[in-house]
Amino acid sequence: MATQKDQQKDAEVEGLSATTLLPKLIPSGAGREWLERRRATIRPWGTFVDQQRFSRPRNLGELCQRLARNVEYYQSNYVFVFLGLILYCVVTSPMLLVALAVFFGACYILYLRTLQSKLVLFGREVSPAHQYALAGGVSFPFFWLAGAGSAVFWVLGATLVVIGSHAAFHQIEPTDGEELQMEPV
């Protein structure tokens, strides 16, 4: 526990603390803890993209073994690849940026309104979940016009291609206690 605190202090000195790297908008809770765990278990990017570690699998068995082991070993790296593809998709689509701005703007307005007083429609108090559903309903036409459905499928397809290719062609990292296996000649 003490070594973890020392590492955290060293990282804070370098300006790399979890509080500065994680967005302030992520509430402390399950989402933040999950993202911090992913960040803590990320493998070095140098070994992740090392071109000398890529080769064609010899047979279907080795391909399946590489897929299973690399997805498990580089799981956190793949999460950040996925998030990077989402960010790329959003940044390169101006209409999607507008749709997201409308959605988050509506959510922010609802948030500010609930701080002042409870939202009442037709004599009934509207719960926060219903308010955010209303924000989604208001911004749905903007997402429709922006082609958010095709963007979702593009991100999923690109993620499968990138992660599948990496997992299939990247040589398996040796694990502790695993001996080298020799193939019969």
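Gly 105 is partly exposed, because its relative accessible area is 27%; partly exposed is the band between buried, under 20%, and exposed, over 50%, with a 1.4 Å probe and protein chains only. Gly 105 sits in helix 7. Ser 139 lies 34 residues from Gly 105 in sequence, and the two C-alpha atoms are 9.6 Å apart.

Some ground rules. This is a predicted model, where local features need pLDDT of at least 70, side-chain atom pairs count only at pLDDT 80 or more, and totals for chains, interfaces and linings use all residues. Residues are numbered from 1 along each chain as its sequence is written, and side-chain values use heavy atoms, leaving out hydrogens and water.

Staying with helix 7, residues 94-116. Val 98 is in that helix too. Val 98 is partly exposed, because its relative accessibility is 40%. Its C-alpha is 8.2 Å from that of Ala 146, and 48 residues separate Val 98 and Ala 146 along the chain.

Now the whole chain. There are nine helices and two strands. These are DSSP runs numbered from the N terminus: H or I with at least four residues for helices, E with at least two for strands. In sequence order the pattern reads α-α-α-α-α-α-α-β-β-α-α. The chain has 185 residues, and 23% of them count as buried. Take the contacts with a separation of 6 or more: 76% are between residues 24 or more positions apart. Contact here means heavy atoms within 4.5 Å.

Next, a helix pair. Two packed helices are described by the angle between their axes and the distance between the axes. Helix 5 is residues 60-73 and helix 9 is residues 148-169. Their axes come within 7 Å and cross at roughly 115°. Axes are lines fitted to C-alpha atoms, for helices over the stretch in contact, and angles run from 0 to 180 degrees between N-to-C directions. Which residues make the contact? From helix 5, Leu 63, Arg 66, Leu 67, Asn 70 and Val 71; from helix 9, Gly 164, His 166, Ala 167, Ala 168 and Phe 169. That contact divides into six nonpolar, three polar and one charged. Nonpolar covers Ala, Val, Leu, Ile, Met, Phe, Trp, Tyr, Cys and Pro; charged is Asp, Glu, Lys and Arg; the others, Gly among them, are polar.

On to helix 3, residues 30-40. Its buried residues are Arg 32, Leu 35 and Arg 38. Why are they on the same side of helix 3? Because they cover an arc of only 125° around the axis, the arc being that of the directions from the helix axis to the C-beta atoms. Ala 30 and Ala 40, on the other side, are exposed. Helix 6, residues 75-91, is included in what covers the buried residues of helix 3.

Last, cysteines. Cys 107 counts as buried, because its relative accessibility is 13%. Cys 64 is partly exposed, because its relative accessible area is 44%.
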